[in-house]
Amino acid sequence: MAYDWVQQFTELTHQWIQQLDLAPWLVPLQWLLVGYFVCLSVGYLTLNLVALLVMRSHIQSARTELLPASYASFLTPISVLVPAYNEQETIASSVLSLLQLTYPEYEVIVINDGSKDDTLQVLKDSFALTLSSATCPIRLPCQQIRGIYQSSRYPNLKVIDKANGGKADALNAGVNLSRFPLFCGVDADSILQRDSLLRIIRPFLEDPDAIAAGGTVRIANGCQVKDGLLLKAALPNKLLPQLQIVEYLRGFLFGRLGWSSLNALLIISGAFGLFKKDLVIEVGGYRHKTIGEDMELVVRMHKHMRLQKRKYRIYFIPDPVCWTEAPEDLATLAQQRVRWQRGLLESLSANMSLLFHPKSGAVGWLAFPFALLFEALGPALEVMGYLFMLFTWLAGWLDPAALLAFLVVTIGFGILISVVALVLEEMSYPVYPGGRSIMRLFFMAVLENFGYRQLNSWWRLKGLWLWARNSKSSWGTMKRSGKWQNSK
């Protein structure tokens, strides 16, 4: 029965192609599709090579000790902002880790964005919060502040309780209350290594033009954490988080490092980024109407500085590390990837005037078109590519050489790029001990190209579709296990 249906479909498709005289176009279209993915793969490999050159010099400078105690008076105080929505499982451990950072002067401001669970109560119980009479100046728009709490145990810890307005709105509220000239945004399900602030502050000490810096984000699933401190880095047992480790290494450690070297970095992760507060206020803060608030702010800062011809630098620093929980089920992962894709498209579309602008430099002439052509439209073209190859095969018009080239480029180059990223990681900042862990990650680098990457493309295509329909966006609720917190 199935064979008969396929045969009938093949005959009808073949006749339809002949009637419309499409046959002369099919093989050229196949090779055009192959050419697109060749350009995509070469682009990623080039970024890896650029990152390798930058990494070598960075490792040499990073081998020196951290800033000595005598430099403490020169370090700019930092406000650490932690937006939280339904984070009762992880919020206490995450905040505790932030209160143990090695840095001379900083404050931690947790913003409870109208959580529906016990996030606020957990904070009250864990840190002895009392309602404060402090007021919050309105420098950036945000939803109503219901209360400001002060910890009686930790003088540098404050908690804002506000009506729900989304992550961007929560960050704006945190900026409003913050006292210091630099602020660091950290996700509520994450923990920082104790020296992270000392490392991420370096660009601001060495370069007066630095306006923002981002650090590396790694997967915390499977790691050993006790009382907010990372005791041991280890691989998770579940398949999905393992696949995401390879993905994060490829995207964070080398993709962003490559763009940073050109001063064309379009995103600093909302999980861990340091910004000059006055400039963020100058450009209007975080936008409420986007779910990709982290990328949109960075792209808007590029546009603001470029079009005004002001000197600036936006850095990616590989050695400050933030550990965050990755989704362990397909539904949560799908929701995250759809949201990321929508955020990418919202950020690019809101700042489209930067594309090929005469003053935009490498941002507008390299990074922006790369993100638009390969990151924004890539998922649609990849899914359509697989369907197109299947269609031409069923119709009897598939060029075997084009099919082989397509598979080599999409799967073979995909494996190569992931393996290169793993090799570079082992040469630079290896964190997973033992040969068994490394071999498992190399296996994941191969496995992700057979199903996982295609599934990711499908989710991102859904994000593209929802963006195109202009459907309602929201912060959403991410399912957290919290099993890595206070593990033995």
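The legends below go with several close-up views of this predicted model.

The structure is a predicted model, in which local features need pLDDT of at least 70 and side-chain atom pairs count only at pLDDT 80 or more, while totals for chains, interfaces and linings use all residues. Residues are numbered from 1 along each chain as its sequence is written, and side-chain values use heavy atoms, leaving out hydrogens and water.

**View 1. The whole chain, to get your bearings.** The protein chain holds 15 helices and 12 strands; these are DSSP runs numbered from the N terminus, with helices (H or I) of at least four residues and strands (E) of at least two. Of its 488 residues, 55% count as buried. Here buried means under 20% relative accessible area, exposed means over 50%, and partly exposed lies in between, with a 1.4 Å probe and protein chains only. Among contacts in the chain with a separation of 6 or more, 82% join residues 24 or more positions apart, a contact being heavy atoms within 4.5 Å.

**View 2. Two nonpolar cores.** A nonpolar core is a set of buried Ala, Val, Leu, Ile, Met, Phe, Trp, Tyr and Cys residues joined through side-chain atoms within 4.5 Å. The largest one has 68 residues, and those with the most contacts inside it are Ile 78, Val 80, Val 108, Val 110 and Leu 197. Helix H8 (residues 239-261) gives the most to this core, with seven residues. Apart from it lies another core of 67 residues, including Phe 37, Leu 140, Ala 168 and Val 409. Leaving aside neighbours within four places in sequence, the contacts of Val 110 include Val 82, Ile 91, Leu 123 and Val 159.

**View 3. Helix H10 meets helix H12.** The axes of H10 (residues 293-307) and H12 (residues 361-376) come within 9 Å and cross at roughly 140°. Axes are lines fitted to C-alpha atoms, for helices over the stretch in contact, with angles from 0 to 180 degrees between N-to-C directions. That makes H10 oblique to H12; angles under 35 degrees count as roughly parallel, over 145 as roughly antiparallel, 65 to 115 as roughly perpendicular and the rest as oblique. H10 contributes Val 299, His 302 and Arg 306 to the contact, and H12 contributes Gly 361, Ala 362, Val 363 and Phe 368. Glu 293 is also found in H10 and counts as buried at 5% relative accessibility. Beyond its neighbours within four places in sequence, Glu 293 is in contact with Lys 167, Ala 168, Leu 171, Tyr 286 and Arg 287.

**View 4. The bend in helix H15.** Helix H15 (residues 435-468) bends by about 60° at Asn 449. The bend at a residue is the angle between axes fitted to the seven residues ending there and the seven starting there. After H15 comes Asn 470, with a positive phi near 60°.

**View 5. Two loop asparagines with positive phi.** Most residues other than glycine have a negative phi. Asn 86 has a positive phi near 55° and lies in the loop between strand E1 (78-84) and helix H3 (91-98). Asn 263 has a positive phi of about 55°, and its place is in the loop between H8 and strand E11 (272-276). Asn 86 counts as buried at 14% relative accessibility, and Asn 263 is buried with a relative accessible area of 8%.
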